[in-house]
Amino acid sequence: MRALRLDLDVTVRCFGLPRDEPGVFSYLVPPQLTAANPSIATLGVDLQIAEDVAGANLVHSHTWYANAAGRLAQLLHGIPHVVTAHSLEPLRPWKAEQLGGGYRVSSWIERDAFTSADAIIAVSDGMRRDILRSYPTLDEQRVSVVHNGIDLGHWRPVHDVELVRSLGIDPDRPSVVFVGRITRQKGLTYLLRAAAQLPKDVQLVLCAGAPDTPEILDEVRSGVTALQAERTGVVWIERLLGQHELSAVLTAATTFVCPSIYEPLGIVNLEAMACGAPVVGTATGGIPEVVDDGVTGRLVPIEQADDGTGTPLDPQRFVDDLARALIEVVSDPVAAKRMGAAGRERAERDFGWDQISKRTQEIYRGLLA
């Protein structure tokens, strides 16, 4: 919370192992629920958080994981509840592959939290439209847009050729870098198909892990293996890279790629821009609000199904358009560097935490007045 510079007393209650930051308290799943469906295990954490929110004037939850804690705290302690929407369960039906019946639980949690929230923050205009489409009974006046941001002091260019080389990346070859979880929404399978069209000297660097299901992991592994049989320079880093390592990879990239078919904003795009990498991203969700087409990167057109899956109506056309945009950027390293520099400037101008915290405080104060 240091980067926020809030004029408020903020306590963070989060999931996971103990943290050493002041004012941050973390919670583990109760032992009795460690083997439960993930949605039920999540509720076990939320119950603990809701109890400990006692004494606060307002509670702010992010994503369905914490929405139940916020909603319960709202009821238990009689305080306003602010929800920030980073994604929406109705638009992620593939989560049923991961959660089974727990997807119905997560959907119920989100729906109740949204419909009862005192204020809802969308991380992009695209997300705001999706919220009002998914929950049409909401009062539009309660839904505001506050873009996500990044700490520009932490995310900045890191020139470390030897570190990049130690990760299996050749800094002397052009590279396309992907960073994200292995999940349907990130569009990794489409990227693997598009990468087959890239010039042979271009590396594909995949910083990809945390698969939603064994099935999608197998699908990606098969695609990577097939690609590696056809070309060199296909680097798959499955472990979670540290912030310094990832910054070095992004700084060395000729271009970053975000082939998502669902992306409310895409903080990873901001991180790449802050490190000076141009971004080739799908023109969906909040990505067009981050990537200035032709200035900080390129936007890839997509026509999508309206059934909540975001599936391209013409998958091969999307793959070809993605490949075309990537080839354009990697084939002109001078223009790529120019777009990367413009991306850093845009991140500094529009997505620093100072501006975002100011807007968030305005929403808080409107509820507490």
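Q: Where does Leu47 lie?
A: Leu47 lies in helix H1, residues 38–52. Bear in mind that this is a predicted model.

Q: Is Leu47 buried or exposed?
A: Leu47 counts as exposed, because its relative accessibility is 54%. The cut-off for exposed is over 50%.

Q: Which residues make the nonpolar surface patch?
A: Leu47, Leu72 and Leu75 make the patch. It covers about 280 Å².

Q: Let's go to strand S8. How many of its residues are buried?
A: Seven of its seven residues are buried. S8 spans residues 203–209.

Q: Which residues sit on which side of S8?
A: One side has Gln203, Val205, Cys207 and Gly209. The other has Leu204, Leu206 and Ala208. Both faces are covered.

Q: In what sense do S7 and S8 pair, parallel or antiparallel?
A: S7 and S8 pair in the parallel sense, over seven bridges. In that pairing, Val177 stands opposite Val205 of S8.

Q: And how many bridges join S8 and S9?
A: Four bridges join S8 and S9, again in the parallel sense. Strand S9 is residues 234–237. Here Val205 stands opposite Val235.

Q: What do S7, H7 and S8 make?
A: They make a right-handed β-α-β unit. Helix H7 in that unit is residues 188–195.

Q: And what about S8, H8 and S9, what do they make?
A: A right-handed β-α-β unit, with helix H8 at residues 214–230.

Q: New topic: salt bridges. What lets side chains pair like that?
A: Side chains of opposite charge can pair when their charged atoms come close.

Q: How many salt bridges does the count come to?
A: The count comes to 20 salt bridges.

Q: Why does Glu162 count as exposed?
A: Glu162 is exposed because its relative accessible area is 53%. Arg165 has 38% relative accessibility, so Arg165 counts as partly exposed.

Q: Which residue forms a salt bridge with Glu219?
A: Arg184 does, and the closest N and O atoms are 2.9 Å apart. This pair links distant parts of the chain. Glu219 is in helix H8, and Arg184 is in the loop between S7 and H7, 35 residues apart.

Q: How accessible are Glu219 and Arg184?
A: Glu219 is partly exposed, with a relative accessible area of 35%. Arg184 is partly exposed too, with 26%.

Q: What about Glu263 and Lys186, how far apart are N and O in their salt bridge?
A: The N to O distance there is 3.0 Å. Glu263 lies in the loop between S10 and H10, and Lys186 in the loop between S7 and H7, so the pair ties together parts 77 residues apart in sequence.

Q: Are Glu263 and Lys186 buried or exposed?
A: Glu263 is buried, and so is Lys186.

Q: Which residues are linked in a network of salt bridges?
A: Glu303, Arg317, Asp321 and Arg324 are linked that way.

Q: Over to helix H10. How many of its residues are buried?
A: Seven of its eight residues, so to speak mostly covered. H10 runs over residues 267–274. Among the buried ones are Val268, Leu270 and Met273.

Q: What covers the buried residues of H10?
A: The cover includes strands S7, S10 and S11. Helices H9 and H12 also take part.

Q: And what follows H10?
A: Gly276 follows H10, and its phi is positive, near 85°.

Q: Where is Ser87, and what is it in contact with?
A: Ser87 is in the loop between strand S4 and helix H3. Ser87 is buried, with a relative accessible area of 13%. Leaving aside neighbours within four places in sequence, Ser87 is in contact with Arg92, Glu110, Met127, Tyr262 and Pro264.

Q: Last one: where is Val145?
A: Val145 is in strand S6, residues 143–145. At 24% relative accessibility, Val145 counts as partly exposed. Not counting residues up to four places away in sequence, Val145 touches Ala122, Ser124, Asp125, Arg128 and Arg359.

Notes
Residues are numbered from 1 along each chain as its sequence is written. This is a predicted model: local features need pLDDT of at least 70, side-chain atom pairs count only at pLDDT 80 or more; totals for chains, interfaces and linings use all residues. Side-chain values use heavy atoms; hydrogens and water are left out. Patches are made of residues with over 30% relative accessible area and no salt bridge: like charges are joined within 9 Å, nonpolar side chains (Val, Leu, Ile, Met, Phe, Trp, Tyr) within 5 Å. Accessible areas come from the Shrake-Rupley method with a 1.4 Å probe; for residues, only the protein chains shown count as cover. A salt bridge is a side-chain nitrogen of Lys or Arg within 4 Å of a carboxyl oxygen of Asp or Glu. Helices (H or I, at least four residues) and strands (E, at least two) are DSSP runs, numbered from the N terminus. Buried means under 20% relative accessible area, exposed over 50%, partly exposed in between (1.4 Å probe, protein chains only). Contact means heavy atoms within 4.5 Å. Two strands pair if DSSP finds at least two bridges between them. A crossover is right-handed if, with the strands pointing away from the viewer, the path from the first strand over the helix to the second runs clockwise.
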